[in-house]
Amino acid sequence: MKNGIGYLPEDRKGDGIISELSVKDNIILAQQVLKGFWKPFKKAEAEKIADEYIKLLQVKTASKETPIKALSGGNQQKVILARWLLTHPQYLILDEPTRGIDVGTKTEIQKQVLKLSKEGVGITFISSEIQEMLNVCTRLVVMKDRNIVGELRDEQLSQDNIMKTIAGGN
């Protein structure tokens, strides 16, 4: 985190959310770690931040004090993304950020990824969905058994080329 890196894990329930904490506390968690636990956010400041990111990412929650475990998977994912956006990362690793969420939320997250990329944030977007990769990537690396088997860029990016690379034909 101190080097400007954020990580949205594949297993949001096991590795991403702190289920007993509120939406607000899950949002400010990474920034609080960077700031130091001996320098807690003032209540009004934490609430303002939570409100801002809930609005920015359109998190559907009854309240910022709602336990995050009460939210849908897609809204939990948005809260984790908000956590990292608050740290103003230079580089984000997003591991299956849209797995198991509804189509509308998936689209919102993809739009946010494209926006961050245009703002200069480096992003590694890990996904098993080819169409999703075509929607968000300008460079795609295909890996098998932890080895790179091919790389496609810009105009090379097509479902056909990706499938050929996966099959070992590139």
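Guide: A salt bridge is taken here as a side-chain nitrogen of Lys or Arg within 4 Å of a carboxyl oxygen of Asp or Glu. This is a predicted model, in which local features need pLDDT of at least 70 and side-chain atom pairs count only at pLDDT 80 or more, whereas totals for chains, interfaces and linings use all residues. Residues are numbered from 1 along each chain as its sequence is written, and side-chain values use heavy atoms, with hydrogens and water left out.

Visitor: How many salt bridges does the structure hold, and how far apart are the closest N and O atoms of E45 and K35?

Guide: The structure holds eleven salt bridges. E45 belongs to helix α3 (residues 43-56) and K35 to helix α2 (residues 23-35), so their pair ties together parts that are ten residues apart in sequence; helices here are DSSP runs of H or I with at least four residues, strands are E runs of at least two, and both are numbered from the N terminus. In the salt bridge between E45 and K35, the closest N and O atoms are 3.9 Å apart.

Visitor: Is E96 buried or exposed, and which residues are joined with E96 into one network?

Guide: With buried meaning under 20% relative accessible area, exposed over 50% and partly exposed in between (1.4 Å probe, protein chains only), E96 is buried at 7%, whereas R99 is partly exposed at 38%. The side chains of these two residues meet in a salt bridge at 3.2 Å, N to O. A further salt bridge, at 3.1 Å from N to O, brings together the side chains of E119 and K115, of which E119 is exposed with a relative accessible area of 52%. Salt bridges that share partners join E96 into one network with E10 and R99.

Visitor: Which secondary-structure elements each supply at least two residues of the lining of the largest pocket?

Guide: The lining of the largest pocket has 28 residues, of which F125, M133, C137, R139 and V141 lie nearest its centre; a pocket is an open set of points on a 1 Å grid over the protein atoms alone, where a 1.4 Å probe fits, with protein on both sides within 12 Å along at least five of seven lines, and lining residues have an atom within 4 Å of a point. The elements that each supply at least two lining residues are α5 (103-118), β3 (122-126), α6 (130-136), β4 (139-144) and α7 (159-166).
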